[in-house]
Amino acid sequence: MTDTVLRISNVNKAFGGLQALSDINLNIEKGKVHAIIGPNGAGKSTLLNVCVGLLTPDSGTVTFNGGTNVIGKSPHEINQMGLARVFQTPEIFPDLSLLDNVMIPAFAKRDGAFHFKLFQSLSGETKITQEATEILASVGMDDKLNVIAGSLSRGDKRRLELAMCLIQRPHLLLLDEPTAGMARHDTNKTIELLKKIKEDGMTKIIIEHDMHVVFSVADTISVLAQGAIIASGTPDEIRGNPVVQEAYLGGAEL
Amino acid sequence: MMKQLMNLLKKQSDLTTILMFAAGVLTMPIWLDPIGANYPDLLQKFVIFGIFAVGYNILFGLTGYLSFGHAVFLGVGSYAAVWSFKLLTMNVLPAILFATLISGLIAAAIGFVSMRRSGIYFSILTLAFAQMFYNLAYSVLIPITNGETGLQLRMHDPRIIDNYFSDPLPGLPSTDFFGMSMNGYSGFYFCAVVLILAFYIAMKIFRSPFGMKLKAIKSNQHRMRYTGSDTRPYLITAFIISGMFAGLAGALLAVTDPLAGAERMQWTASGEVILMTILGGVGTLYGPLLGVGIIKYLENIFSTINESVLQQFFSFLPQWGENIMVSVVSPFVGEGWHLTLGVLFMIIIIFLPGGLMEGFSRIQKRYRKAKIKDNQSDSTKE
Ligand SMILES: Nc1ncnc2c1ncn2[C@@H]1O[C@H](COP(=O)(O)OP(=O)(O)OP(=O)(O)O)[C@@H](O)[C@H]1O
Ligand SMILES: [Mg+2]
């Protein structure tokens, strides 16, 4: 018997005439890394957008941690429940230092969605500063604590965003193509990182085009094509599934 | 050694910062003397508008939300203070507290509505509110504002508290702080102390997690929401604080000259504080004060320079040279000080979008680089 962290039930979403998601049902189990793969425009990001409160679906529910329906909740409420997301295009605070970038999510986690204390001194926040430094060290960027985040390379921005999510220790972490648009050596660095954080027991949904990454980190894989889930299973099952090979992988050898 | 000193200056503790700041403000009559700016009226303006700009910077500098209507709070603060003088007492303390409170309440209402939008729509909403208040002051609100004449002290004002303790003296009373007159230099020193307090509050906000969150909202509000912060209450709080600072400044204008008029709320006054902030450096601790200094100096000193002063200044030149110089320079001084301000502003926006503070930090960086080079060449010699 396993716990379900996120239960997506009968979710539909259309943009004009385009059915981006049709009747999606998905259970994400605690402690697992669940990969969602599928061709461009399949609806993968749209599905995550529904989960974090960026989009409201036309119908369906998304329940988190066995209880609350997150549909209709605002993004900060969903995050406060313990759901963090790395976006497909990096969303960081470009004008702030790396340390600040990571400290802010930590404050939100500790202080809640709004915290009216004007005169706390930043220099007294040794615990969170320490924590932020450690997280940045774990993604290999502790040599850049005071660098302004906007000046980072694309790969580093993604790793920074990952650190911003990790410091919150979310119940569920959503990763939207963490290696997209990266140079080869950057990708390898990120894969190493993903493997490392696989060990921490945090539940994750990862969207990824790089099959090498998917098969090395995922416990479960779901395949999305034209807004519908056409297969779900362990990496081995997906590898051997003829429908998947046909629809998505174009018969290529896995 | 040099580096340590630099680091020390960079990471000034709260105490050293505020002590240095207080020393700088309180000695203004001394160091402003050589440039002819040492007279109480102007000194008072420097510090009062300093409070206005420091508060405005908490909103615009930290969150990036550009309000076009902050002069409303300046006006509200003045009216509230004068009413406190009329109804209660000539002591400035209740007036200041009352004005700050009232402007905070009005800022809460305006902020609550305006913060529903961001960017240009936010700016337009604040401008609309400001114009509304400005026009109401001449119509519906005349019982409160006394319309075109402006709100003034009168002989037969109730002044409940004052009249309870002593019989009214003949003539119009004047404002005081427990016996300390608010005219001339003592008025300046009183306002200066208020500025120091206001600056201290702003500095604490700048150096708190709260201030850091405001900067994060400016940098990427989207990210802020998806990492669990409800940005709206943060923004409204910043709006209210800056409104209260403006109300405080408005009250001090009435403290030093107990009279309030609606022209204080005109959109040009809102524009002025934006100019001051940008000129000095948006989002920096000292920049807005620098902007206030420059604009108020131009407005009050530069505007008094006339042709005869210029002729004297250029009298070392031969007659034809003097004539040329006077005719070239005269459009920029006296009535033409706006031209100087405009040109200065354009130069800043184009070359130093971070304001004069950016210029200073560039110079400092260059100096530091030169220093490092010096040290290196020194050590290779050894
Ligand atoms: N906000 C939107 N408005 C209109 N159409 C949208 C919107 N968001 C997504 N779409 C459309 O929905 C479809 C699914 O998009 P989505 O971004 O979910 O794809 P994806 O699987 O993430 O693709 P990719 O691998 O390229 O990121 C696409 O056809 C896209 O154009
Ligand atoms: Mg996508």
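Q: What makes two residues count as being in contact?
A: Contact means that heavy atoms lie within 4.5 Å. In this predicted model, and leaving aside neighbours within four places in sequence, B:Ile102 is in contact with B:Val76 and B:Ala80.

Q: Why is B:Ile102 called partly exposed?
A: The relative accessibility of B:Ile102, a residue found in helix H6 (residues 92-114) of chain B, is 25%. Buried means under 20% and exposed means over 50%, with partly exposed in between, so at 25% B:Ile102 counts as partly exposed.

Q: Why does B:Ser330 count as buried?
A: B:Ser330, which lies in the loop between helix H17 (319-329) and helix H18 (337-351) of chain B, has a relative accessibility of 19%. Because buried means under 20%, B:Ser330 counts as buried. Not counting residues up to four places away in sequence, B:Ser330 touches B:Glu307 and B:Leu310.

Q: Why are H11(B) and H13(B) described by the word they are given for their crossing?
A: The axes of helix H11 (residues 209-219) and helix H13 (residues 231-256), both of chain B, come within 10 Å and cross at roughly 110 degrees. Angles of 65 to 115 degrees count as roughly perpendicular, and H11(B) and H13(B) are therefore roughly perpendicular to each other. On the side of H11(B) the contact is made by B:Phe210, B:Lys213, B:Leu214 and B:Ile217, and on the side of H13(B) by B:Thr231, B:Tyr234, B:Leu235, B:Thr237 and B:Ala238. These residues divide into 6 nonpolar, 2 polar and 1 charged.

Q: How do you know that the span of helix H14 of chain B agrees with its number of residues?
A: Helix H14 (residues 267-280) of chain B has 14 residues, which at 1.5 Å a residue should span 20 Å, and its end C-alpha atoms are 20 Å apart, so the two values agree.

Q: What makes H14(B) mostly covered?
A: Of the 14 residues of H14(B), 10 are buried, among them B:Val273, B:Ile274 and B:Leu279.

Q: Why can A:Ser45 and A:Gln88 be said to tie together separate parts of chain A?
A: The magnesium ion (ligand 2) is coordinated by A:Ser45 (OG) and A:Gln88 (OE1), at 1.9 to 2.2 Å. Since A:Ser45 lies in helix H1 (residues 44-52) and A:Gln88 in the loop between strand S6 (83-86) and helix H3 (98-111), the pair ties together parts that are 43 residues apart in sequence.

Conventions:
Residues numbered from 1 in each chain as written. Chains lettered and ligands numbered in written order. Predicted model: local features only at pLDDT ≥ 70, side-chain atom pairs only at ≥ 80, totals over all residues. Heavy atoms only, no water. Axes fitted to C-alpha atoms, helices over the stretch in contact; angles between N-to-C directions. Helix = DSSP H or I, 4+ residues; strand = E, 2+ residues; numbered from the N terminus. Parallel < 35°, antiparallel > 145°, perpendicular 65-115°, else oblique. Nonpolar A, V, L, I, M, F, W, Y, C, P; charged D, E, K, R; others polar. Expected span 1.5 Å × (residues − 1). Buried < 20%, exposed > 50% of the residue type's maximum accessible area, 1.4 Å probe, protein only. Donors = N, O, S within 2.8 Å, 3.2 Å for Na, K, Ca; no water.
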